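Biologist: Can you put the structure up? I have some questions about it.
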Amino acid sequence: MLIAGAILCLVASTAPAPALSAGRTTFSVSSFGAAGNGIADDSEIDGDVLAPPGMGYWPKARRPLQWLNFKWLDGFTIQGTGTVDGQSTLLRSVSPANVSQHWYISGVKPTLIRFYSSFNVSVRNIRITNSPQFHLKFDSSGGIKVKNITISSPGDSLNTDGIHLQNTRDVDIRSSSIGCGDDCISIQTGCSNVHMKNINCNPGHGISLGGLGKDNSLACVSDVFAEHINVENALYGVRIKTWQGGKGTVRNVTFSNVRVANVATPIAIDQFYCDAGGGGARCGNRSDAVGITGVAYRRVAGTYTYQPVRLACSDARPCTGVSMADVRLSPASAAGASGLRQPLCWKSYGEAMGMIEPTGIACLQRSNGFVMPLTKPFNYTC
């Protein structure tokens, strides 16, 4: 993809950039070193790509939803040793004269890098920092490979997911370090065959599937595998979260060889999820839920600061086929005993085996004929 490679050569150049203005500006990619001859490598990022630190550079009608937006590509690679920096620093570091233009005041929070309807895409070795919102997003895409990247934002930066997947299949993410103010990796509806291996998450909200089924929508996620995951100083370790009233299924999910340290809740399924901004009717009780079945936790160990396991499943559509093997979780030394909570298993069916610590984690209800979940019939298909 010579055109796409040339675009990257443009944004990666270390040459002085022209001043931004409210009008339209056209750049010649050849002026920034792109050869476009089918031989030269136009895809490397070896310098710093800097986004403006606020929205004041654009007229209101043209403020961007993403900084680097790649569409309809096939066989495309971003690689190099450089950094893509969203420059969305903490609000307290912004001078009073510029505070009204800051992303968190303006309400405009672009994603830093987005791929849409693109296939056979590789992103490797680069650093992505300080995004106003998601750092790296794949939407309606497939054949994605992410390797050896670093994502970094402050732990208190809101909605700054590290890698965000939506309607995307056949994904391989490995050997990467992610620190942000939200989910290190977020997997949304329409995703399947997602593999994650050798991932460090610190800080953040861990590895999350969801929130799924918002506004009574259909959500389908399947065949998700996370192994050799390290989560530190995080709100969650590995989590599945669904809104009440949603439809669809989450199935065949495995978390194995997960290490946690100073994580509030290392293992969580929440079928009553409702974020702070969704109040009112959205958070009310609903009779339907996204079904969750076939979730395995294998060799999860480390320390927690609030509750080791929270499996809060729906009365109408309980979680089934949940299994735990060799799960060993202990309170962090800094956690006060008075603030700790016991494990919760509500309407969650499956089995626990091997070494289980604390013993209360083995609270799954058996579904071997003695106790069976009563579930509503499915009237939809994923």
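Modeller: Here we go through confidence, salt bridges and a pocket.

Biologist: What pLDDT does the chain average?
Modeller: This is a predicted model, and the chain averages a pLDDT of 83, with 76% of the residues scoring at least 70.

Biologist: Where does pLDDT stay under 50?
Modeller: Over residues 1-24. Where pLDDT is low, the predicted coordinates should not be read in detail.

Biologist: Next, salt bridges. How many does the count come to?
Modeller: Five. One of them joins aspartate 139 to arginine 114, with the closest N and O atoms 3.5 Å apart. Aspartate 139 sits in strand 8 and arginine 114 in strand 5, 25 residues apart.

Biologist: Is aspartate 139 buried or exposed?
Modeller: Buried, and arginine 114 is buried too.

Biologist: And which residues are linked in a network of salt bridges?
Modeller: Asp183, Arg239 and Lys241. Aspartate 183 meets arginine 239 at 3.4 Å, N to O, and for aspartate 183 with lysine 241 the closest N and O atoms are 3.3 Å apart. Aspartate 183 lies in the loop between strand 12 and strand 13 and lysine 241 in strand 16, so this pair ties together parts 58 residues apart in sequence. Aspartate 183 and arginine 239 are buried, and lysine 241 is buried as well.

Biologist: Changing topic: what volume does the second largest pocket have?
Modeller: About 570 Å³. Of its 27 lining residues, the closest to the centre are Gln188, Gly210, Gly211, Tyr273 and Asp275.

Biologist: Which strand gives the most to that lining?
Modeller: Strand 16, with seven residues. The lining divides into eight nonpolar, 12 polar and seven charged residues.

Technical notes: Residues numbered from 1 in each chain as written. Predicted model: local features only at pLDDT ≥ 70, side-chain atom pairs only at ≥ 80, totals over all residues. Heavy atoms only, no water. 1 Å grid on protein atoms, 1.4 Å probe; cavity = no way out; pocket = protein on both sides within 12 Å on 5 of 7 lines; lining within 4 Å. Points joined across faces, edges and corners; volume = space filled by probe spheres on them. Helix = DSSP H or I, 4+ residues; strand = E, 2+ residues; numbered from the N terminus. Nonpolar A, V, L, I, M, F, W, Y, C, P; charged D, E, K, R; others polar. pLDDT = per-residue confidence, 0-100. Contact = heavy atoms within 4.5 Å. Salt bridge = Lys/Arg side-chain N within 4 Å of Asp/Glu carboxyl O. Buried < 20%, exposed > 50% of the residue type's maximum accessible area, 1.4 Å probe, protein only.
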